[in-house]
Amino acid sequence: MRFFADQLILGLTDGAIFALIALGYTMVYGIIELINFAHGDIFTVGGFIGLTLISILGLQHAPPALLIPGVILVFLVAMSLNGLLGVAIERVAYRPLRNAPRLAPLITAVGISFILEGILFLLKGPNQISYPNLLPGGSLNLGFASIGVGNVFIILIALGLMIALNQFIQRTRVGRAMRATAQDRDAARLMGVNINRTIAITFFIGSALAAAGGIIYGFDYQTIDFSLGFRNGLVAFTAAVFGGIGNVVGAALGGFIIGIIIDFVGGYFQGGQQWSDVVVFSILILVLVFRPTGLLGMRVPEK
Amino acid sequence: MRLPKLLAGLAVASVALAACGTSGGTGQTIKGTIKIGIDLPVSGSDASDGQPTQNGAKLAVKLAGKVCGASSHSDACFTLASFPLDDAVNGAHDPGQGAKNVQQFVADSAVLGMVGPFNSSVARAEMPIANTAGLAMISPANTNECLTQEPPDGHCAGQAAKLRPKGGNNYFRVCTTDLIQGPAAADYAYNKLGKKKVYVFNDQQTYGLGIAKNFAAQFAKDGGTVLNSDLGGFDPGSTNDFKNQINRAKSLGADVIFFGGTTATKGGQIRKQMLGLLDVPYVAGDGISGNQFAKDAGDNANNSYFTVAGPYPQKLSTAQQFNADYKKEYSQDVGAYSAQAYDAAKIIIAALGRAIDDAGGSMPTRDQVTAQVAKTQNYKGVIGTTSFDANGDTSLKIITIYKWASANDTGGTFVDQVTVS
């Protein structure tokens, strides 16, 4: 029971990170039907921006009173900068190709992915780089399980961001413009929606969430390296498809489910580490075969 | 006008002839250059293991400067040069890169022997290429037993023969194997640390999986329990997530963790993630002997033990001169495998001297050099007296055990030494 609870908490923590990345994939796919393969690397860049800010502010050695505003500041600045990076990538590599054949932006996305990895390699080197964990340590003893306070914070931060995103999409004018653009771009334009701006905002939000994911990843694993985005990006993309690509709630749900599967398989089975990927991607195939729209159904433009 | 110019030209030519004809007036003739290839991982996470090792080999070549015939042709000399290459790609040792590097050595006719590699997985890729070319290689640090021998239980499945497609042996090593290193670590964990239940991780590479198996077998033989028969294999290229396995170890009651692998295959990350989850000692082989491990493990670096397949250089009377020379040249203390690399290079140089005699004072062939390396018996070097057996393994079977104290530890603290006769 205790072990079950331990693995569940780990799974939810990993799932929160996958979910934050998956949201970026799903939002972009939902609005322009592009699988943004650079998104995994945008996640890595976000983590590195966070690390740089932490060392500039000297937060590793900051007194507890300054730590909370410091961490909030790091999140806000890193998310904004990473959001701008996402907007710039969209402007340079995707917008000129918006009416080109579907293959063209896919290839530029792969290109951007390699460019970002290459730049990170040149700037940060190939090593694993140590990341400070600024979340509170210790654990809550609930009798049947002890839960790391850091894990609780990670899950809460991620859930908070997801709820805020959902409210934003459902309740605001910009959110409505995003939904309208996703449904029918031409009709939305005729109704006076600024398509370019709406798509740029989508990239901004997706990349900002990825930055939050990157910082949380750093806190959780206390390590970061230039190639982090590759596997994590693919797993998160799987989560997005699993939940129903284009569907924001589905991406969040898919992320949590995949995180839990990975940690349960990893923890309960002999040779678990290798089984994790086998099981995750087998489930993906089964879902796609028997329920091609994912768990909660796709939300993509009708054509 | 013409005559003075011609005379001047003649004078210059004769001076040049004199300069290259003799050296130091001892009657020795420099007949050319012989290069010693050095293939080690010297960038990224492997750099803290590979760079001090490369330094050791380069120092041997630099101090020797030249090599002359050993006895009958002591007037025939060749300038020595090292030809160092890096087999790390994106921060970690890479068998494919190692193979390319050896092809580069083979393509250069002046390369008559090589020191390296560091990692057994790289050795597997390099050995067939060097064997086909007849190039002698001496590894300072490969410990996987299957590279050289077929133990009685047959667990190597004839690999040593497959790695020598042309037949004959060209591969030697100055460190002992994991048949000694793994069990030494197990005995230390069971007898000295008093631990009874081990949970094992391994990176599934040639070295990591091999040493994990040897460790587990001896730990069980000592009376301990190996909690996971799968030995905790993971893919170091794709995962940073070890917490679920650490939790599993904890739920099974592990009182010690063994890691089969290297710093570049996430040895430090596993140790670091144990912080707060599982507070037990961490034991590994020589794969974590570089201080990058301590940096990666950070706050949780202490209480980590590692073995080295060789003696403790600070303690050896034979190593004092080497330690001083090394410090003078590189302004730092020797690494765990610097002395081994130094001896490896010196053994090649000694064999070159004998091979020059065999070649009648001219440039020896690679086969002549390899034949002389194989004949190395009772070579008195920095690490002790080395003799190679028919498989290319050394007679010197010493394991040293060290402990990491903190993230800033530069070389670990010596805790024990085991000599197997």
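Q: What makes a residue count as buried?
A: A residue is buried if 20 or more other C-beta atoms lie within 10 Å of its own. In this predicted model, 56% of the 421 residues of chain B count as buried.

Q: What share of the contacts in chain B joins residues 24 or more positions apart?
A: Among contacts in chain B with a separation of 6 or more, such pairs account for 75%.

Q: How many helices and strands are there in chain B?
A: Chain B has 13 helices and 17 strands.

Q: In what order do the strands of the open seven-stranded sheet of chain B lie?
A: The order is β10-β9-β11-β12-β13-β16-β17, and the pairing is mixed. An edge strand pairs on one side only; here these are β10 (225-226) and β17 (413-419) of chain B.

Q: In which sense do β13 and β16 of chain B pair?
A: β13 (residues 304-308) and β16 (residues 398-404) of chain B are antiparallel, with five bridges between them. In this pair, S304(B) stands opposite W404(B) of β16(B).

Q: Which strands does helix α7 of chain B lie across?
A: Helix α7 (residues 206-222) lies across β9 (197-202), β10 and β11 (256-260) of chain B. Its direction is at about 145° to β11(B).

Technical notes: Residues are numbered from 1 along each chain as its sequence is written. Chains are lettered from A and ligands numbered from 1 in the order in which they are written. This is a predicted model: local features need pLDDT of at least 70, side-chain atom pairs count only at pLDDT 80 or more; totals for chains, interfaces and linings use all residues. Two strands pair if DSSP finds at least two bridges between them. Helices (H or I, at least four residues) and strands (E, at least two) are DSSP runs, numbered from the N terminus. Two residues are in contact if their C-beta atoms, placed from the backbone, lie within 7 Å. Axes are lines fitted to C-alpha atoms, for helices over the stretch in contact, and angles run from 0 to 180 degrees between N-to-C directions. A residue is buried if 20 or more other C-beta atoms lie within 10 Å of its own, exposed if 12 or fewer, and partly exposed in between; C-beta atoms are placed from the backbone.
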